[in-house]
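Visitor: I would like to go through this structure with you. Could we begin once it is on the screen?

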Amino acid sequence: MTPTIYHNPDCGTSRNVLAVIEAAGYRPQVVEYLKTGWTRELLQGLLGAAGLTPRQALRQSKSPAREMGLLEDGVSDAAIFAAMLTTPILVNRPFVVTDKGVKLCRPSEVVLDLLDTWPQGPFFKEDGGLMIDADGQRVS
């Protein structure tokens with residue numbers, strides 16, 4: 001299995017998820033979506049596979065969503081989706097794709113649901129929070 005991560009290197013959660021994948025021994029395909037942008041087909045596929053609407057995947061903080069009026073009641077999913085295509089930072093991150101499915105990995109522990117093997121514990125996030133204990137168990 002080769003995981004794919006749609007990654008923003010400026011995001012702590014995205015860095016944590018990438019670190020977990022690599023520490024588990026995988027060599028993921030890393031897509032820096034802020035550089036590559038989204039195609040309609042790719043973004044529709046990710047959202048559909050993850051079971052999310054554009055509104056559910058909308059990055060609300062540290063993005064121009066508020067200034068663009070996308071947080072207002074009544075803004076359609078179609079309008080949000082169109083904005084995501086032209087302004088990639090509006091899409092929350094990171095999305096991870098494996099043979100087990102597709103998830104928006106927020107919080108970063110969600111990525112564990114997509115991996116066959118995990119890093120040996122203990123495993124700490126970059127903020128010092130424990131993700132996997134010394135017994136190899138997920139920490140909630």
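Predicted model: local features only at pLDDT ≥ 70, side-chain atom pairs only at ≥ 80, totals over all residues.

Visitor: How do the axes of H3 and H4 cross, and at what angle?

Guide: Helix H3 (residues 40-50) and helix H4 (residues 77-86) have axes that come within 10 Å and cross at roughly 125°. The two helices are therefore oblique to each other.

Visitor: Is that crossing left-handed or right-handed?

Guide: The crossing of H3 and H4 is right-handed.

Visitor: Which residues meet there?

Guide: From H3, Arg40, Leu43, Gln44 and Leu47 meet Phe81, Met84 and Leu85 of H4. By class, the residues of this contact divide into five nonpolar, one polar and one charged.

Visitor: Changing topic: how many aromatic pairs are there?

Guide: The count comes to two aromatic pairs. One of them is formed by Tyr6 and Trp38; this pair is tilted, at 5.6 Å centre to centre with 35° between the planes.

Visitor: Where do Tyr6 and Trp38 sit in the chain?

Guide: Tyr6 belongs to strand E1 (residues 4-7), and Trp38 is in the loop between helix H2 (33-36) and H3. The pair links distant parts of the chain, 32 residues apart.

Visitor: Are Tyr6 and Trp38 buried or exposed?

Guide: Tyr6 has a relative accessible area of 10% and is buried. Trp38, at 9%, is buried as well. Both fall in that class because buried means under 20% relative accessible area.

Visitor: And what about Tyr33 and Trp38?

Guide: Tyr33 and Trp38 form a stacked pair, 5.0 Å centre to centre and 25° between the planes. Both residues are buried.

Visitor: What is the phi of Lys62?

Guide: Phi of Lys62 is near 50°, a positive value in a residue other than glycine. Most residues other than glycine have a negative phi, and most peptide bonds are trans.

Visitor: Where is Lys62, and is it buried or exposed?

Guide: Lys62 is in the loop between H3 and H4. Its relative accessibility is 74%, so Lys62 counts as exposed.

Technical notes: Residues numbered from 1 in each chain as written. Heavy atoms only, no water. Axes fitted to C-alpha atoms, helices over the stretch in contact; angles between N-to-C directions. Helix = DSSP H or I, 4+ residues; strand = E, 2+ residues; numbered from the N terminus. Parallel < 35°, antiparallel > 145°, perpendicular 65-115°, else oblique. Left-handed = near helix turned anticlockwise from the far one by under 90°. Contact = heavy atoms within 4.5 Å. Nonpolar A, V, L, I, M, F, W, Y, C, P; charged D, E, K, R; others polar. Phe/Tyr/Trp six-rings, centres within 6.5 Å; stacked < 30°, edge-to-face > 60°. Buried < 20%, exposed > 50% of the residue type's maximum accessible area, 1.4 Å probe, protein only.
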